Amino acid sequence: MRLSRRGLILGGSAMLAGCASASATPPLTTAQTLSPVAPPQVGLPTIQTASLTPPPLDPRGHVRKELMERAMTALDTHHRHLPLRDRMYLVDFKKFSGEERLYEVDLVAGEVKVLRTCHGRGSDPSHSGYAQRFSNTPDSNMSSVGAYATAGANWGRQQGPNVLLDGLEYTNDKARERAIIIHGADYADPDFLAREGKLGRSYGCFSVAHTDLPALRERMGEGRLLFAAA
């Protein structure tokens with residue numbers, strides 16, 4: 001994470017110049033001695049060291065500590081696939097589906113925005129609201145955990161606007177094959193949550209509310225980390 005640093009500009013000191021007298025002065029004899037004249041004292045500015053302390057990450061404590069630490073490790077491990085390091089996205093599958101468990105982490109300002117997202121029906125066959133099983137197998141309808149790289153905005157015939165994902169680990173490297181994406185869904189909307197007390201289930205995608213998708217689609221872009229864990 002790169003932070004801008006500001007330096008202080010050190011101003012130069014002014015020098016005082018004396019004027020030479022135009023009148024002649026008598027020559028000095030060997031008996032005469034000259035008293036040393038101290039140079040004028042010119043005030044110099046005090047040199048200060050500028051330091052910029054990064055703001056605290058997640059000051060409100062939205063993200064589980066272990067999840068944040070694992071995501072930061074993944075950010076470094078997969079740095080070649082993640083050139084954009086201003087923001088990252090985390091999903092905490094330990095939490096109930098009705099809770100806010102999708103986090104947009106601003107790695108520069110430290111702030112965290114919270115949203116909701118669904119898990120796969122294969123991960124929660126009894127529809128308890130908790131994801132219990134995870135898989136990278138096609139047609140399993142389960143969510144996959146691990147580090148993903150956002151691969152840009154897309155449009156599909158079935159789901160419409162979405163964000164593509166590339167899995168970076170053995171736990172999710174079939175994401176493209178399985179069409180695991182971020183898209184809007186009626187079963188992720190607030191009125192569904194109010195009616196059912198939990199979100200619906202996807203086929204493994206990170207479904208979000210229709211109202212949340214446009215900003216996510218724009219801000220996720222291509223080359224940022226999405227890290228999902230349970």
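Student: Leaving aside its neighbours within four places in sequence, with which residues is histidine 78 in contact?

Tutor: Contact means heavy atoms within 4.5 Å. Once neighbours within four places in sequence are set aside, the residues in contact with histidine 78 are Ala147, Leu168 and Glu169. The model is predicted: local features need pLDDT of at least 70, side-chain atom pairs count only at pLDDT 80 or more, and totals for chains, interfaces and linings use all residues. Residues are numbered from 1 along each chain as its sequence is written, and side-chain values use heavy atoms, with hydrogens and water left out.

Student: Is histidine 78 buried or exposed, and with which side chain does its own side chain make a polar contact?

Tutor: A residue is buried under 20% relative accessible area, exposed over 50% and partly exposed in between (1.4 Å probe, protein chains only). Histidine 78 has a relative accessible area of 12% and is therefore buried. A polar contact is a pair of N or O atoms within 3.5 Å; within protein, one must be able to donate a hydrogen and the other to accept it, and residues adjacent in sequence count only if both atoms are side-chain atoms. The side chain of histidine 78 has such a contact, at 3.1 Å, with the side chain of glutamate 169.

Student: Between which elements does histidine 78 lie?

Tutor: Helices (H or I, at least four residues) and strands (E, at least two) are DSSP runs, numbered from the N terminus. Histidine 78 belongs to the loop between helix H1 (65-77) and strand E1 (87-92). Overall, the protein chain has four helices and eight strands, in the order α-β-β-β-β-β-α-β-α-β-α-β.

Student: Which members of the largest nonpolar core touch the most other members?

Tutor: A nonpolar core is a set of buried Ala, Val, Leu, Ile, Met, Phe, Trp, Tyr and Cys residues joined through side-chain atoms within 4.5 Å. The largest one has 20 residues, of which Ile182, Phe206 and Leu226 touch the most other members. At least two residues each are supplied by E1, strand E5 (160-167), strand E7 (206-208), helix H4 (213-220) and E8. H4 gives the largest share of this core, three residues. Apart from it lies another core, of 19 residues, among them Leu90, Val112, Ala147 and Leu225; Ala147 is also in contact with histidine 78.

Student: Which residues of H4 are buried?

Tutor: Leu213, Leu216 and Met220 are the buried residues of H4. Seen down the axis of H4, these residues fall within an arc of 65°, so they line one face of the helix. Pro214 and Glu218 are exposed on the face turned away from the buried side of H4. Glycine 221, with a positive phi near 60°, follows H4.

Student: How much of the protein chain is buried?

Tutor: Of its 230 residues, 41% count as buried.

Definitions and conventions:
Arc of directions from axis to C-beta.
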